[in-house]
Amino acid sequence: MTGPGRVLGLDLGDARIGVAVSDDERRVAVPIGTVHVGQPPGELVAIADLAREHDANLLVLGLPLSMDGTRGSQATHVEAFADALSSVVHLPIAFQDERLSTVEADRKLGQAGVPARERRRIVDATAAQVLLQAWLDAQGRDAHRSVEG
């Protein structure tokens with residue numbers, strides 16, 4: 001799943017889906033906004049449009065595992081969403097453990113001096129950036145290991 005080309009990262013929430021995108025070399029993730037959750041397939045079509053617009057060739061969805069690493073109902077929901085999404089967006093889908101990504105995103109925004117009201121508006125996209133960056137970093141480490149190995 002590594003290689004050149006942009007990756008779209010998605011952090012699924014109840015009301016919004018945070019969206020981030022990588023650069024072509026898959027080194028840096030940048031938040032690009034949110035998609036509002038409504039009646040399917042609306043959000044699926046919106047994500048497909050974003051994938052096309054940003055020329056993504058892979059999607060990474062945040063998988064909300066419990067603190068002990070097990071899959072709960074939220075993880076099952078994300079996996080079902082991925083199944084539905086794959087019927088609209090014909091791209092490979094990978095998962096990234098997203099435990100605490102929203103907490104980390106909120107902390108980063110607070111440290112940057114972003115007021116609480118503004119943080120609530122942009123935390124979902126920043127959480128998508130956090131989880132996508134973690135995935136990109138992990139892929140880079142794996143590629144580095146295989147070259148050295």
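This tour moves through the chain by selection, from the overall fold to the strands, the salt bridges and a surface patch.

**Before you start**

The model is predicted: local features need pLDDT of at least 70 and side-chain atom pairs count only at pLDDT 80 or more, while totals for chains, interfaces and linings use all residues. Numbering starts from 1 along each chain as its sequence is written, and side-chain values use heavy atoms, with hydrogens and water left out.

**Whole chain**

Show the protein chain as a cartoon. Four helices and five strands make up its secondary structure. Helices (H or I, at least four residues) and strands (E, at least two) are DSSP runs, numbered from the N terminus. The order from the N terminus is β-β-β-α-β-α-β-α-α.

Switch to the surface. The accessible area of the protein chain is about 8100 Å², and 53% of it belongs to carbon and sulfur atoms. Areas come from the Shrake-Rupley method with a 1.4 Å probe; for residues, only the protein chains shown count as cover. Of the 149 residues, 41% count as buried. Buried means under 20% relative accessible area, exposed over 50%, and partly exposed in between (1.4 Å probe, protein chains only).

Among contacts (heavy atoms within 4.5 Å) between residues at least 6 apart in sequence, 61% join residues at least 24 apart.

**The strands**

Select E1 (residues 6-12) and E2 (residues 16-22). The two form a hairpin with three residues between them. Their pairing is antiparallel, over five bridges; strands pair if DSSP finds at least two bridges between them. Find glycine 9, opposite alanine 20 in E2. In E2, six of the seven residues are buried.

Seven bridges join E2 to E3 in antiparallel fashion. Arginine 16 sits opposite histidine 36 in E3. Six residues separate the strands of this hairpin, and arginine 26 there takes a positive phi near 60°.

E1 and E4 run parallel, joined by five bridges. Leucine 8 has leucine 59 as its bridge partner in E4.

Now E5 (residues 93-97): five bridges join E4 to E5, again in parallel. Look for leucine 63 opposite aspartate 97 in E5. From E4 the chain crosses through helix H2 (residues 73-86) to E5, in a right-handed β-α-β crossover. Right-handed means that, with the strands pointing away from the viewer, the path from the first strand over the helix to the second runs clockwise.

**Salt bridges**

Show charged side chains. The whole structure holds four salt bridges, each a side-chain nitrogen of Lys or Arg within 4 Å of a carboxyl oxygen of Asp or Glu. Three stops follow.

- Aspartate 24 and arginine 6 meet at 3.1 Å, N to O. Aspartate 24 is in the loop between E2 and E3, arginine 6 in strand E1, 18 residues apart.
- Arginine 52 and aspartate 49 meet at 2.5 Å, N to O. Both lie in helix H1 (residues 42-53), three residues apart, about one turn. Arginine 52 is exposed at 58%.
- Glutamate 79 pairs with arginine 71, the closest N and O atoms being 2.6 Å apart. Glutamate 79 is partly exposed at 24%.

**Last stop: a surface patch**

Select Val28, Val30 and Ile32. Together they form a nonpolar surface patch with about 220 Å² of accessible area. Patches take residues with over 30% relative accessible area and no salt bridge, joining like charges within 9 Å and nonpolar side chains (Val, Leu, Ile, Met, Phe, Trp, Tyr) within 5 Å.
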